[in-house]
Amino acid sequence: MNMDKIKAGIIGTGNISGIYFENGNRFDALQVVACADLDVERARAKGEEFGVRGCSVEELLADPDIQLIINLTIPQAHASVCLRALEAGKHVYVEKPFAVTREEAAEVLALAEKKGLLVGSAPDTFLGGGIQTSIKLLEDGWIGTPIGATAFMVGGGHESWHPAPDFYYQKGGGPMFDMGPYYLTALVAMLGPITRVTGSARISYPERTITSKPKYGQKVQVEVPTHIAGVMDFASGPIGTLLTSFDVKGGSTLPRIEVYGSAGTMLVPDPNTFGGTIKIWRSGSNEWSDIPLAYGYAENARGVGAADMAKAIQTGRKHRANGELAFHVLEAMHGFHDASEQGAHYMMKSTCERPAPLPLGLQPFCLD
């Protein structure tokens with residue numbers, strides 16, 4: 001069945017937008033036709049670079065041909081731009097995190113439901129070949145019944161390389177809100193929803209000095225925890241641990257994610273990438289075995305979540321990187337911080353369904 005592609009417009013033409021432009025028109029359901037930014041001249045320059053119309057945010061939202069907004073603004077603007085897009089009658093897909101606060105995120109979900117519109121959120125890396133193959137291996141029982149999981153994201157922070165690292169240390173930033181979505185989304189996609197979390201968090205360095213250009217030498221006041229150690233209980237039984245840090249000044253040999261089962265261990269690829277190497281050590285063996293990927297999207301397929309959402313608009317099925325999943329991950333991230341502040345467990349109020357795995361044997365840039 002031939003269907004017209006869903007026409008999309010990008011709001012926010014900063015660093016991350018390039019890959020969305022590059023991939024946007026490769027998928028069978030999606031076509032990026034315009035872009036906008038608070039800086040209209042930047043939007044026009046980006047539009048010229050990628051052969052689309054650059055305009056103001058107001059013009060983009062008023063265009064009746066555009067059905068889907070891809071929101072790539074900074075985290076503090078995520079919710080307000082999503083709400084504007086929904087009020088304009090557009091479906092909206094937003095970069096991670098879904099919103100800065102749970103209250104903002106709930107408002108976005110409520111308005112989308114009221115308007116009968118879809119809302120989705122990055123990360124979509126869990127749709128890559130690495131995590132999708134890991135899900136298939138778990139479902140097929142390669143390591144038996146999952147018992148636990150560990151996840152680690154440690155580094156020295158963004159001030160050494162990012163041209164504008166300030167917002168990573170403001171509300172909505174920090175290692176948990178910047179990188180936590182990749183790890184938590186992958187874990188929920190593999191193991192299902194979370195029921196309870198606890199953790200400890202600290203600001204190790206209240207002030208950071210930027211050593212990248214063009215802001216070399218400027219000071220950044222840190223508003224959010226930069227070293228967080230968390231524990232989570234999954235509804236399906238496993239217990240997980242998660243460490244996220246911008247305070248590790250040396251190297252690390254920690255794995256990205258490991259899942260432990262009754263019949264073995266699985267080493268899961270970096271959830272901030274789409275491909276990677278999967279290793280399994282089965283009970284009774286004495287070494288790791290490399291497992292080939294069974295799915296495509298092993299290269300940088302950022303935008304696949306928006307394309308899957310476009311397919312859902314066409315067909316009426318549920319999209320995978322959906323608002324329900326994104327809200328659950330956002331609540332868990334806040335839960336780690338809350339638990340640390342209150343010295344208690346945080347009981348999750350939301351839940352979600354595990355996203356449907358991609359079908360085997362998909363043609364490139366197709367979702368069904």
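Y297 is buried, with a relative accessible area of 13% (buried is under 20%, exposed over 50% and partly exposed in between, for a 1.4 Å probe and protein chains only). Its place in this predicted model is the loop between strand 16 (289-291) and helix 8 (304-315) (helices are DSSP runs of H or I with at least four residues, strands are runs of E with at least two, both numbered from the N terminus). The phi angle of Y297 is near 55 degrees, a positive value in a residue other than glycine. Most residues other than glycine have a negative phi, and most peptide bonds are trans.

F365 is another residue other than glycine with a positive phi, here near 65 degrees. The segment after strand 17 (346-347) contains F365. F365 counts as partly exposed, at 26% relative accessibility.

## Basis of the model

The model is predicted, so local features need pLDDT of at least 70 and side-chain atom pairs count only at pLDDT 80 or more, while totals for chains, interfaces and linings use all residues. Residues are numbered from 1 along each chain as its sequence is written, and side-chain values use heavy atoms, without hydrogens and water.

## Annotated regions

The record gives residues 6-119 as "domain: Gfo/Idh/MocA-like oxidoreductase N-terminal".

For "domain: GFO/IDH/MocA-like oxidoreductase", UniProt lists residues 134-266. Over residues 134-266 the chain is 35% strand and 18% helix, with the end C-alpha atoms 8 Å apart.

## The largest pocket

The volume of the largest pocket is about 950 Å³. A pocket is an open set of points on a 1 Å grid with protein on both sides within 12 Å along at least five of seven lines, and lining residues have an atom within 4 Å of a point; a volume is the space filled by probe spheres set on the points. Of the 35 residues that line the largest pocket, I16, L72, T73, I74 and F167 are the closest to its centre.

Domain 1 (6-121) and domain 2 (127-291) each provide at least three residues of this pocket's lining (the bounds come from an automatic or database domain assignment). Helix 4 (75-87) and helix 7 (174-191) each supply at least two lining residues, and helix 4 gives the most, with 5 residues. By residue class, the lining of the largest pocket comprises 17 nonpolar, 11 polar and 7 charged residues (nonpolar: Ala, Val, Leu, Ile, Met, Phe, Trp, Tyr, Cys and Pro; charged: Asp, Glu, Lys and Arg; polar: the others, Gly among them).

## The nonpolar core

The largest nonpolar core has 109 residues, of which Y93, L184, M190, I194, M232, I257 and V259 touch the most other members (a core joins buried Ala, Val, Leu, Ile, Met, Phe, Trp, Tyr and Cys through side-chain atoms within 4.5 Å). Helix 7 contributes the largest share of this core, 12 residues. Because domain 1 (6-121) and domain 2 (127-291) both give residues to this core, it lies between them.

The structure holds 1 cavity of 30 Å³ or more (a cavity is a set of grid points where a 1.4 Å probe fits but cannot get out). The largest cavity contains about 90 Å³ of space. It is lined by 14 residues, with A122, P123, T185, A326 and V329 nearest its centre. Helix 7 and helix 9 (323-342) are the elements that give two or more residues to this lining. Helix 9 gives the most, with 5 residues. The lining of the largest cavity divides into 10 nonpolar, 3 polar and 1 charged.

A122 and P123, both listed nearest the cavity centre, are joined by a cis peptide bond with omega of about 10 degrees. P123 belongs to the loop between strand 6 (119-121) and helix 6 (129-139). A cis peptide bond also joins K96 and P97, with omega of about -10 degrees. The loop between strand 5 (91-94) and helix 5 (102-115) holds P97.

## A buried strand residue

V268 lies in strand 14, which spans residues 264-268. With a relative accessible area of 2%, V268 is buried. V268 and I280 are 12 residues apart in sequence, and their C-alpha atoms are 8.9 Å apart in space.

Notes. UniProt positions renumbered as here; feature names shortened; annotations may be inferred.
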